[in-house]
Amino acid sequence: MKLTSLLSTASLALGVAGASATAQAQIAIGHLEDLSGGTADVGTPYGQGVADTFAWVNKNGGVAGKQLNVDSNDYGYKVPQAIALYKKWSAPDNKVAAIMGWGTADTEALTAFLAQDKIPDMSGSYAAALSDPEGTSGKTKAAPYNFFYGPTYSDALRAELTWAAEDWKAKGKPGKPKFVHMGANHPYPNAPKAAGEALAKELGFEVLPPLVFALKPEDFSGQCLSLKNSGANYAYLGNTAASNISVMKACKTAGVDVQFLSNVWGMDENAAKTAGDAADGVIFPLRTAIAWNGDAPGMKTLMEISKMSDPSGKVYRPVHYIAAVCSALYLKEALDWAAKNGGATGENVAKGFYQKKDWVPSGMEGVCNPSTWTEKDHRGSMKVDLYRSKVSGPTDGDINDLMAKGTIKLEKVKSVELPRKPEWFGW
């Protein structure tokens, strides 16, 4: 079954659930997803995870007996379209209780409106600028209604650089290691750039001029030649998997000897399958405690949610799908608390995120990493789990088989517990 039809199935499930509750009050949710734009490669499985989760919530009684009325929209990764949808969702006669958001550029563009209208946004952007609810860091504007699941892009890169410094030392290589930031000239890849380069210098790296490559896959032979000539030892890939794959393949062909460090959206099982041996050895952060078919009590709930669009239970779900399920369930439990404490208004839903410490959604034990949000700090986690993609043979064939045989593996390398340094807050 194609992903588009999976999404249609989930949407139908939501529609049927909503129709059965016509006499019942509903809770409105806005869902912004990229199924056709520059980040559709990872936006599609993430959007599917959100749709399946809310369909499953409705199937199991909704929130406080009310069904979720989820308005899902493919905005093509276009900021003006996201703003137009927000105007619809914030209108007084149809105001949503919360939004499941997506990209960095659009989320940052909406931040002030979210605060004004008191609508929480659980985004797919982990830009550090969204983590300071009160603006006390002095590095960004207050973002009291922005939430996300997982470490910030900046903290993930800090963890990768911490590992890279140790890796360089362990290899006993002389001189300073060279680090380069790579990605599109766009708010999302650029979000951790300054923070990463600053820490790289502190850790003893020589920081090279950044290399720009487009979000859309194309021929990146020129960038790989520049990378090779620069002598870089560690290169951060700031784009999503599709264009990162093009870089990895081109650099493999060019014989570039570099350790790639990917952002959280830049590597997954599907990317490893598509890139083949060019993806072997890439270091990247994982937001969840396990990947698909992992061993954890919460796998039972995860499988039930997945069956909302795949009754056969045979579709392999990449890491982004699982992260979406965790994100949507955090929002669901914030809605639960709000419904019991004055009603599911945006203001109450935001308060719902502050009610628990080291919080894992019910039924997702061992799948979602514990998170804690406070009124003063929206960095849900400072722990960064780093993984290495391993590709040991041809990657033709079904992803389930490739993962089962171990042809593609995601191997845990290190967990980095970062300190909450004041100078890192909001940056």
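**Figure 1. The disulfide between Cys-224 and Cys-251**. In this predicted model, a disulfide (a pair of cysteine sulfur atoms within 2.5 Å) joins Cys-224 to Cys-251, with an S to S distance of 2.1 Å. The torsion about this S-S bond is about -90°, so the link is left-handed. Cys-224 sits in helix H8 (residues 221-230) and Cys-251 in helix H9 (residues 241-253), so the bond ties together parts that are 27 residues apart in sequence. Helices are DSSP runs of H or I with at least four residues, strands are runs of E with at least two, and both are numbered from the N terminus. Cys-224 is buried at 0% relative accessibility. Cys-251 is buried too, with a relative accessible area of 1%. Buried means under 20% relative accessible area, exposed over 50%, and partly exposed in between (1.4 Å probe, protein chains only). Residues are numbered from 1 along each chain as its sequence is written. Local features need pLDDT of at least 70 and side-chain atom pairs count only at pLDDT 80 or more, while totals for chains, interfaces and linings use all residues; side-chain values use heavy atoms, with hydrogens and water left out.

**Figure 2. The disulfide between Cys-326 and Cys-368**. Here the S to S distance is 2.1 Å. The value about the S-S bond is -95°, and the link is left-handed. The pair links distant parts of the chain, 42 residues apart. Cys-326 belongs to helix H12 (residues 319-340). Cys-368 lies in the loop between helix H13 (346-352) and strand S12 (383-391). Cys-326 counts as buried at 0% relative accessibility, and Cys-368 counts as buried at 2%. The disulfide count comes to two. With the bonded cysteines numbered in sequence order, the pairing is 1-2, 3-4.

**Figure 3. The second largest pocket**. This pocket holds about 200 Å³ of space. Val-256, Val-258, Phe-260, Ala-278 and Asp-280 are the closest to its centre, out of 13 lining residues. H9 gives the most, with three. By class, the lining has seven nonpolar, three polar and three charged residues. Ala, Val, Leu, Ile, Met, Phe, Trp, Tyr, Cys and Pro count as nonpolar, Asp, Glu, Lys and Arg as charged, and the others, Gly among them, as polar. Pockets and cavities are found on a 1 Å grid over the protein atoms alone: a cavity is a set of points where a 1.4 Å probe fits but cannot get out, and a pocket is an open set with protein on both sides within 12 Å along at least five of seven lines. Lining residues have an atom within 4 Å of a point. Grid points are joined across faces, edges and corners, and a volume is the space filled by probe spheres set on the points.

**Figure 4. The largest cavity**. About 70 Å³ of space lies inside. The lining includes Trp-102, Gly-103 and Thr-104, along with Tyr-77, Tyr-153, Tyr-188 and Trp-265. Thr-39, Val-42, Gly-124, Ser-125 and Thr-240 also line the cavity. Six lining residues are nonpolar, six are polar and none is charged. The count of cavities of 30 Å³ or more comes to three.

**Figure 5. Strand S6 and its parallel partners**. Five of the six residues of S6 (residues 178-183) are buried, so the strand is largely enclosed by the rest of the structure. Two strands pair if DSSP finds at least two bridges between them. S6 runs parallel to strand S9 (residues 234-237), joined by four bridges. Two bridges join S6 to strand S7 (residues 206-207), also in parallel. Strand S8 (residues 211-212) pairs with S6 in the parallel sense over two bridges. Phe-179 has Val-207 as its bridge partner in S7 and stands opposite Tyr-234 in S9. Gly-183 stands opposite Val-212 in S8.

**Figure 6. Helix H5 and the residue that follows**. H5 (residues 153-170) has 18 residues. The helix reaches 26 Å from its first C-alpha to its last, close to the 26 Å expected. The expected span is 1.5 Å times one less than the number of residues. H5 is mostly covered, with 13 of its 18 residues buried. Just after H5, Gly-172 takes a positive phi of about 65°.
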